[in-house]
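Here's a set of exercises to work through with the model open in your viewer. Try each task before you read its solution.

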Amino acid sequence: MSTTSASSAKPTACLALADGTVFYGHGFGATGETVAELCFNTAMTGYQEIMTDPSYAGQVVTFTFPHIGNTGVNPEDDETAEPVAAGMVVKWDPTEPSNWRAAEDLVAWLARRGRIGIGGLDTRRLTRAIRQQGAPHVALAHDPDGNFDIAALVAKARGWSGLVGLDLAKDVTCPQSYRWDETRWAWPDGYGKRTGDGFRVVAIDYGAKRNILRCLASAGCDVTVLPATATAEEVLAHNPEGVFLSNGPGDPAATGNYAVPMIKDVLTRDLPVFGICLGHQMLALAVGAKTIKMNHGHHGANHPVKDVETGKVEITSMNHGFAVDAQTLPKGVSETHISLFDGSNCGIRLDGRPVFSVQHHPEASPGPQDSFYLFERFAEAMRARRAA
């Protein structure tokens with residue numbers, strides 16, 4: 001068993017990998033233990049949005065950017081009501097926040113929300129290991145007294161079943177339907193409210209980020225959000241002019257057991273459909289393609305994606321550990337976007353129909369806004385349908 005010591009002081013947290021490697025560091029936030037998959041995120045901003053992104057269910061996030069916590073946290077930046085990521089790994093311990101928007105410091109926020117953090121780790125070494133060997137299963141523990149049963153932690157990491165075959169959308173979806181009218185944040189007023197006649201959109205919540213819903217509202221959509229398990233009858237009962245499929249966590253094939261039949265039925269209607277991330281994978285499964293588990297996934301706000309139809313390159317935000325296998329796309333379904341990092345599929349459309357989806361996150365939060373036009377494309381499809 002190899003070990004890495006964070007400092008000469010007695011460690012108060014440790015990260016045990018399933019291969020027996022153990023990293024020691026300084027614990028912060030909540031105390032206790034958690035078992036999850038370890039991934040890394042390369043974004044330089046947005047740690048609060050990342051921790052509250054439902055797509056990170058079942059994962060501990062290693063932040064490659066060292067300054068985590070320096071801008072504090074505030075209620076406006078939560079992407080859902082509570083943190084969803086199981087824990088966080090950072091190089092430098094969080095400092096006192098220095099930002100005019102900060103309402104609370106990160107350490108207190110994590111403790112109050114029941115999430116474990118560990119600082120003082122060699123995050124470069126961890127990132128290299130994840131890239132080379134794949135996302136490992138880990139046990140993360142925080143004990144202020146520094147008492148750890150390493151053998152038991154390694155055993156827990158080895159015994160964890162992992163994300164393959166795991167449906168997590170049902171754990172993070174909304175319990176019941178609701179309406180959404182909040183629009184994107186803008187200086188100096190903050191978030192706004194959509195007014196006027198909007199396009200009736202049903203958004204399926206597989207773990208939707210709030211900023212996606214804000215972008216839909218800003219594009220002129222009157223949004224009704226339904227749980228992940230909604231049936232086609234429940235969707236169509238709202239007389240939608242468009243259907244949106246949200247991001248979310250877990251194995252798309254598992255979520256597809258109940259999501260795919262609904263989507264197939266919706267696709268028999270003359271309705272624009274737009275999917276993001278897990279929603280992209282759900283649409284692909286519904287038209288007959290397959291999904292695969294990636295070695296270490298894509299997690300960051302600096303991922304170049306090429307629109308293969310226009311040649312345009314967009315810098316995008318991404319968060320996914322599974323991908324659509326482009327080799328399995330059936331006739332009548334075109335690949336629209338690819339990752340310039342590894343060539344993996346990042347978008348599809350149904351030929352001749354206003355049905356499309358992307359793997360990346362056009363709402364960013366955090367990240368660049370190069371891809372916001374996709375929300376406008378969705379709205380334009382509904383506008384054309386009205387005019388027909």
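**Exercise 1.** Find the residue with a positive phi in the hairpin of β2 and β3, then trace where β3 goes next.

*Solution.* Start in the turn: four residues sit between the two strands, and Gly20 has the positive phi, near 100°. Strands here are DSSP E runs of at least two residues, numbered from the N terminus (helices are H or I runs of at least four). This is a predicted model, so keep in mind that local features need pLDDT of at least 70, side-chain atom pairs count only at pLDDT 80 or more, and totals for chains, interfaces and linings use all residues. Residues are numbered from 1 along each chain as its sequence is written, and side-chain values use heavy atoms, with hydrogens and water left out.

Two strands count as paired if DSSP finds at least two bridges between them. Ala13 has Gly25 of β3 as its bridge partner.

Finally, follow β3 onward: it also pairs with β7 (residues 116–119), again antiparallel and over four bridges.

**Exercise 2.** Work out which strands pair with β14, and why it counts as largely enclosed.

*Solution.* First, β15: 10 bridges join it to β14, and the two run antiparallel. His299 stands opposite Asn319 in this pairing. The hairpin has five residues between the strands, and Gly311 in the turn shows a positive phi of about 85°.

Second, β16 (residues 333–339): it pairs with β14 in the antiparallel sense over three bridges, and Val305 is partnered with Ser339.

Third, count burial. Of the 17 residues in β14 (residues 291–307), 12 are buried, so the rest of the structure largely encloses this strand. Buried means under 20% relative accessible area, exposed over 50%, and partly exposed in between (1.4 Å probe, protein chains only).

**Exercise 3.** Is Ser317 buried or exposed, and what does its side chain reach?

*Solution.* Locate Ser317 in β15 (residues 313–324). Its relative accessibility is 7%, so Ser317 is buried.

Now look at the side chain: one of its polar atoms lies 3.1 Å from the backbone oxygen of Pro366. Then list the neighbours, leaving out residues up to four places away in sequence: Ser317 touches, among others, Gly300, His360, His361 and Pro368. Contact here means heavy atoms within 4.5 Å.

Methods
Polar contact = N/O pair within 3.5 Å; in protein donor to acceptor, adjacent residues only side chain to side chain.
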